Protein chains: 2
Amino acid sequence: MSIATTELSIFQQNVAAFKAIVGESFVFTDHETLDVFAKDETENLYFLPDIVIKPRTAEEISAVMKICNQHKIPVTPRGAGTGLSGGALPHFGGVLLSFERMNNIIEIDERNLQVTVEPGVITEVLQNAVKEKGLFYPPDPSSKGSCFIGGNIAENSGGPKAVKYGVVKDYVLNLEVVLPTGDIIWTGANVLKNATGYNLTQLMVGSEGTLGIVTKIVLKLIPHPQYDLLMLVPFNDLEKAGAAVSAIFRAGFTPSALELVEVDALRIVSKYIDNTTIPIGDDVAAHLIIEVDGNDIEVLMKEMEAIGTVLMDFDCGEIYFADDAQQKAALWKLRRRVAEAVKIDGYTIEEDTVVPRAALPALIKGVKALRTQYNFDVVCYGHAGDGNLHVRIKKPGSIYSLNNPDVIPALKALFELVKSLGGTISGEHGIGLIQKEYIPIVFDDITLHIMRGIKKVFDPNNILNSGKIFDAH
Amino acid sequence: MSIATTELSIFQQNVAAFKAIVGESFVFTDHETLDVFAKDETENLYFLPDIVIKPRTAEEISAVMKICNQHKIPVTPRGAGTGLSGGALPHFGGVLLSFERMNNIIEIDERNLQVTVEPGVITEVLQNAVKEKGLFYPPDPSSKGSCFIGGNIAENSGGPKAVKYGVVKDYVLNLEVVLPTGDIIWTGANVLKNATGYNLTQLMVGSEGTLGIVTKIVLKLIPHPQYDLLMLVPFNDLEKAGAAVSAIFRAGFTPSALELVEVDALRIVSKYIDNTTIPIGDDVAAHLIIEVDGNDIEVLMKEMEAIGTVLMDFDCGEIYFADDAQQKAALWKLRRRVAEAVKIDGYTIEEDTVVPRAALPALIKGVKALRTQYNFDVVCYGHAGDGNLHVRIKKPGSIYSLNNPDVIPALKALFELVKSLGGTISGEHGIGLIQKEYIPIVFDDITLHIMRGIKKVFDPNNILNSGKIFDAH
C-alpha cells in the first residue's frame, strides 16, 4: 500500500482546506518541519510525512479527519515522539497530526479527585500540577519529562510505580475521541464504576492511535503519599535477584517501585551522567531498586527492614539506603537514564518483554542462552515487580530495520520464550511498527481477525495509523 | 424478532446433537427445569428458554455454539441468576447455558499472586479459598454468597470494597472465551502489564455475555490486609451524609468501604433479620458505614479517629464502633441484606445510578424532588465512596415491566438527572434487558453504532444474548 505516493496531488489539493481549518501557520509542508516528524525514539527508522498539521481543538481535528476520510488520506497522530515501537511514525506518509498545541490542563477537580487534560500535556507537568494540590497521578514512564499524556494513553504506559499503583489504563475514566470518520464521541462517564455498555474507554487505551484520536482525557487521581523510602540492593547472581522479586510480594509487601538493573547497565549509565553518589560494587551482577511509600514513616521503616530480611535469603550484598531527597533523585536519575545510555553505548534494539513475575529467573536464564546461541550482547533492566523486563541487544552492525535478517531470528526466539513462560511481547511500549511481525506469536488468526474487525468498525477506510499493531487488511 | 417461536423445530432436531456433546443427563427440556431458568433477581420478568444445557468444558460449549451459530439459535449464558438487570434472561427462548458444573478453582498461583478459575465458582468460595493462602480477591457484590464469578465478569461487578480496591475489571488479567462462532480464544496473557494489541480482556469484562462466553478466568490477587476497623456513623441530614463522603477522600483517606444507607432501609432490613446488635437512632436520616483496612492496627486507629474528626464538620451523631468480629459481621449482614429486604417491602424497582462522588448530595436532592413529582416512595443506599447510589422505588401497583407507563417517565427523569451530574445509568448492575431503553440518554447514535459494530464482529449472526444492552439488529 502506498497511498502517499500514488495520490500525492490530493494533499496539494487539500492544503488550503487544512489551512482554513487550523490556520495558515499550523500547516507545514517544508522539509525541515517534515524531517522533525519523520523519526521518534525507535532506533533508526525514518518516514517522512507529506504534511504536518498542529490543531488546537477536537473540532479542528474532526474537520481535518472528514477530509482525510473522504479522500482516504493516511493520518498518523503523534505525541512527543518518545515512543519505542514506531507507533507515531508516518510510514505511509500522508498527514501527521501533532498535539503540541493541545497542552492545557483543563480542570483539576479536587472534590472528585479527577483531572481533565488535553493530550499534549507533558506527563511530568501533569504530575507536578496535581501534586501541588496533594494529589497523585502515578504512571511515570522513564520519558515522563518529555512524553505527552496522549501518547501514554495510546501505549498504555507504565513505569516504576505501576507495580503498586497500576498502569495508565487504571487511571483513565473517560475519553473524548475524534473517530477516523470525524465524529466526536465520549467513551464513558467521569465515574469510578461503570457497567453501562461496552468499555470503549479501555478499548481505546493501548490501541496505539489506530482506533481514534484522543482529544480530552479524564483521569482518576489519588491522595499523594507523604513519605517514601528507597534502597539499592546488590546481588552477585542475576537469577537470584529475579527470584527475590517474587519472594517480596509473597511475604505480603507491595513496594511502590521494584526495579531490576543489570550491573552493566548501571556502569554504562554512570559513564554518561557522572555518577559519584551511587555505589556500584565489583562483585555485583545486578541490583534491585526498591521503594516503599505511605503516610506513616515508622511503618515504612519497618517494611524496609522486613523486605531486607527477605532479601538475605537470596544472598544480597550490602544494602544502600538513599538517605535524603538528593540521594533519591540521584538514584532515580541513574535508573531513568539507563535506556538512553545503553542505546548510545550500542545496545540499540530494545524489547519490552513481560512475564508472570515468578517466571523472571527463567526469562533471564533464557535470554542468556539466546545470547550465546545468536551471538549478541545484552543488558536487561526494567520493572521486575511487574515481570516487565526490557532486553537491550547489541549486535555489531545490526540496528533495527523492519527486515533485518541479523536480528529477526533472535527476536523470534526471545518472544517464543516469553510466550512459553505465560508472558507477552510488550508490557508498556506497544507493538507499533516494529513488533507487528511478531504478534502472531501471541495471538492466533481468530483473535487477530477480531482485532482487525474492531479496527474496521472504528476506521472503515483504514486511514488512521494504519499498519500499526497489525496490517489491517 | 422471535426466532424461538418461528423455528422451534430446530431445537428438536438438535437436542440429540446437544446430548451427544454434553451428555444425556445435562440437556433439559422439561418444564420444571426450564421454569427455574426463566427468572432471575430482576423483578418479575419471566422468559422460558426452549432448552437448558449444562456443559462441563469450553470444548463442549464450542461444539454447542457451532450448532447454534449454524442454525441461528439464540443462546443465553447464565451464572447464578442473581443479576439485577435481566442480563441472564432468555427473552428470545432458545438455548440457555448454565455454568453450574464449571465450578473448579483450577489453580491458586501463590508465586505470582494469581488464580485461575472456571466461571461457575461462587465469588465467596473463591475469596475464602485464596484467603486461606493469605491472599485477597476484593470485589464483593452483595450477592457474593451465591453469585458466580463468571456473572461478575459479565457485569463488571463492584461491591463495598471497590472504593479502595477497584472493581472486577481491575483484577481480570486474561480470559478464555468461546466466541459465538464456536472458536476458542484467550484474550491476553497472565501478566500485570500488557501493551500487546487491543485490550480484548477489558472489552469482555462488562459486556454482559453478549460478545463471548467466558470459560476460564485468570485473576490478579493481592496480599490480604491483616486488620480492619468498622464504624457506623449517623447523620440527621441525608445530603450532609453525602457531602461528608467526598470530604473524607479530600482529607487524604481511602477507606476500604464507604457505604451510605438511608435509615428507612436499615429499619426495613432490621425487621427481617432480627437486628438486636446495631443501634439505629431516632433522629437519624442516614448512616455512613466506614471501614479502613491495613497491616498496622495503630495506624488504622489513628485513621479512624481522623476520619471521625472530618465527619464532625457534617454534624454527624454518635459514632458506633463495631468492636469485634461478631459486631462487624452483624453490621455487614445488615448492609448486605438491604436489597433483599426493601424488595420484600415493596421497593421493587432498583436503579444503579453512579455520579462523580462530590455530586452525591445533588443526586440525593434530585431523587427527593422526583419522588414528589412522580409520587413514588424511595430508599437510597449504596457505595457512596464510589458515587454509586442504588435508588429503590416503590409505587403501589407498579412493578417492573419493560413498558410500564407508571415508571418509565420517572426513570427517564432520574437517568437524565444522573447524566446531567456527569454520571451514568449503571455502576455495577449492567444494562441488560431492563435499562436498554434508557441507554440513548448516555450514549449518542454514533457511539451506539460503534458498540453494535463490535457486537457484529464477535457475533455475526447475532445469536449470543442478543437484545441485551441494546438491540443489535
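Predicted model: local features only at pLDDT ≥ 70, side-chain atom pairs only at ≥ 80, totals over all residues.
1. Residues are numbered from 1 along each chain as its sequence is written, chains are lettered from A and ligands numbered from 1 in the order in which they are written, and side-chain values use heavy atoms, leaving out hydrogens and water.

2. Chain B has an open, antiparallel sheet of 7 strands, in the order 15-12-14-13-17-18-16 (strands are DSSP runs of E, at least two residues, numbered from the N terminus; two of them pair if DSSP finds at least two bridges between them). Strand 15 (320–322) and strand 16 (349–354) of chain B each have a single partner strand, so one side of each has no neighbour in the sheet.

3. Strand 16 of chain B is joined by 6 bridges to the antiparallel strand 18 (residues 388–394) of chain B. Look for B:Glu350 opposite B:Arg392 in strand 18 of chain B.

4. Chain A splits into domain 1 (3–101), domain 2 (105–223), domain 3 (227–339) and domain 4 (346–431), with bounds from an automatic or database domain assignment. The centres of domain 2 and domain 4 of chain A, taken over C-alpha atoms, are 28 Å apart.

5. Domain 2 and domain 4 of chain A bury about 570 Å² between them, with carbon and sulfur atoms giving 43% (this is the accessible area, 1.4 Å probe, lost on putting two parts together, summed over both). On the domain 2 side of chain A, A:Glu155, A:Val163 and A:Glu208 lose the most area to domain 4 of chain A, together 56% of what that side buries.

Note on methods:
Helix = DSSP H or I, 4+ residues; strand = E, 2+ residues; numbered from the N terminus.
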